[in-house]
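Please keep the sequence and the coordinates at hand while reading.

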Amino acid sequence: MKYITLSDDVISRMKFPKRTLIVSIPVRMDDGRLRVFKGYRVQFDDTRGPTKGGIRYHPSVNLDEVTSLSFWMTIKCAVVGLPFGGAKGGIEVDPKELSLLELERLSRGYIRAIADIIGPKRDIPAPDVYTNATIMGWMADEYNQIMREQLPAVITGKPIHLNGSLGREAATGRGALFVLLQWAKFKNLIPEQTTIAVQGFGNAGFHFAKLATQAGFKIIALSDSKGGIISNDSLDPQLIMNHKQTEKTLKAMLYCEGTVCEEAEFETISNEQLLELNVDILVLAALENQITEHNAANIKAKHILEIANGPINAAADELLNQRGVSVLPDVLVNAGGVTVSYFEWVQNRAGFYWEESEINHRLQNVMDKEAVNIFNLAQKNNTSLRTAAYLHGINRISGAMTEHGTHEHFQK
Ligand code: NAD
């Protein structure tokens, strides 16, 4: 069944990225050798506004991956109605092999290499896998030096003291909770009677788990790359994070050896077991491709919240759909991060900084509105939530392209 009519012009324009840049970045290593790293920046589409998307440092970064991720960002920004197109960048590097100074030289070198095509009104990078606020601070500083002016809005995800935004750190987890609360309303789920397992107890997973507990949900299992824990009672994410930071592990026994030991009984489980628990909601907040055709049949949760990007592959998505499992899709669920990045950009451009309560309130407005739009669209067309989210985003992109007229107009 056809849910949307797109003109041939729109389809043609959505097939290929608008701009692709491949750069070589020479870096003087601490031992005096020169190493040259390969970097990419792909701007997929800027019809709806300047392009936006993170920069990833990973040995497997390649042009195909960066291009697909830039398409994904185009959709995500449109799904939540931000005035941005989509982009992505990356460097083929194992950052753990570099010293801090080598990492700084590489990050500054990357900005020098792509400076011509980025800017607050053109393309605004942000952190992604293995890049963080410190790296964004170096990058913004390098750009300012090149341009000979202070332009903090060129990059988001900066440290708070370098014009970053309050609320950015928890934004992805918080945004995911807002989507879940709307879903709970839609499906008449009562938080106090709803059990949740969270795969991935990193930045996004931790903040989600903490806020979900405060909202009354029962987090009964958590995992990180080293394994998981499960309890019959609700877990306390903050206590577990405190322990993880000191002991570098989630293990229950160790947790109870600390000064804080709850009454709850813990058991350790594997990552695979966590995915297959009989919980109401499974939250995927770790990596891509965690549920595939090999384990989709074993998933018992009735609802899945995708905080990670692409945690369910296409074959598994189809299988889960057939079994009536509701998958709340990544392009909606984890868009809280880019939404608060947008707020950072707005604050940088205005030179006026908001209280955290204002940021959280504005984030809630965006997430609540777009979640309800997508749930209603899925119900109306009898589609999966993922299909509805894509329809919602593509509809906005198509509308912008159509209003824009011919492409030649907008070649900058
Ligand atoms: P992070 O590195 O802080 O956390 C990832 C966590 O996953 C770590 O605790 C790690 O130990 C755990 N993990 C890795 N492999 C695992 C496995 N096999 N089983 C269980 N746990 C495993 O990263 P993050 O920022 O929290 O991002 C998590 C996901 O959310 C990523 O897919 C990311 O792209 C996506 N995301 C994050 C943001 C954000 O603002 N942080 C925004 C959008 C999307």
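## Helix α12 and its cover

In this predicted model, the elements that cover the buried residues of α12 include β3 (51–58), α2 (63–79), β5 (123–127), α5 (168–187), α11 (330–333) and α13 (356–381). The helix is mostly covered, with eleven of its 15 residues buried, and these are Gly336, Gly337, Val338, Thr339, Val340, Ser341, Phe343, Glu344, Trp345, Gln347 and Asn348.

## The chain as a whole

The secondary structure of the chain comprises 14 helices and twelve strands. Its radius of gyration is 22 Å, close to the 22 Å that the globule rule gives for 412 residues, so the chain is as compact as a globular protein of that length. Along the principal axes, the C-alpha trace spans about 60 × 60 × 45 Å.

Of the 412 residues, 55% count as buried, while the accessible surface of the chain comes to about 18600 Å², with 50% of that area belonging to carbon and sulfur atoms. Among contacts with a separation of 6 or more, residues 24 or more positions apart account for 68%. As for charge, the chain carries 43 positive and 47 negative side chains, and the centres of these two sets lie 6 Å apart.

The buried residues in α4 are Ile135, Met136, Gly137, Trp138, Met139, Ala140, Glu142, Tyr143 and Asn144, and what covers them includes β3, α3 (100–114) and β5. Both β3 and β5 are also among the elements that cover the buried residues of α12.

The loop between α4 and α5 holds Arg148 and also Asn163. Arg148 has a positive phi of about 60 degrees although it is not a glycine, and Asn163, likewise not a glycine, has a positive phi of about 70 degrees. Arg148 has a relative accessible area of 76% and is therefore exposed, the cut-off for that class being over 50%. Asn163, at 31% relative accessibility, counts as partly exposed.

Helix α14 runs over residues 385–404, a stretch of 20 residues, and reaches 29 Å from its first C-alpha to its last, close to the 28 Å expected at 1.5 Å a residue. Its buried residues are Leu385, Arg386, Ala388, Ala389, Leu391, His392, Gly393, Ile397, Ser398, Ala400 and Met401.

One of these, Leu385, is in contact with Ser326, a residue placed in strand β12 (residues 326–328). Ser326 has a relative accessible area of 16%, and because buried means under 20%, Ser326 falls in the buried class.

## Two further buried positions

Which residues does Thr195 touch, not counting those up to four places away in sequence? They are Lys218, Ile220, Val279, Asp280 and Ile281. Thr195 is found in strand β6 (residues 195–199), and at 18% relative accessibility this residue counts as buried. The C-alpha atoms of Thr195 and Asn376 are separated by 25 Å, and the two residues are 181 residues apart along the chain.

Asp46, by contrast of setting, lies in the loop between β2 (34–45) and β3. At 16% relative accessibility, Asp46 counts as buried. Between the C-alpha atoms of Asp46 and Ala87, which are 41 residues apart along the chain, the separation is 8.7 Å.

Conventions: Residues numbered from 1 in each chain as written. Predicted model: local features only at pLDDT ≥ 70, side-chain atom pairs only at ≥ 80, totals over all residues. Heavy atoms only, no water. Buried < 20%, exposed > 50% of the residue type's maximum accessible area, 1.4 Å probe, protein only. Helix = DSSP H or I, 4+ residues; strand = E, 2+ residues; numbered from the N terminus. Contact = heavy atoms within 4.5 Å. Rg over C-alpha atoms; globule rule 2.2 N^0.38 Å. Areas by Shrake-Rupley, 256 points an atom, 1.4 Å probe, with all protein chains shown as cover. Lys, Arg positive; Asp, Glu negative; His and termini not counted. Charge placed at Lys NZ, Arg CZ, Asp CG, Glu CD. Expected span 1.5 Å × (residues − 1).
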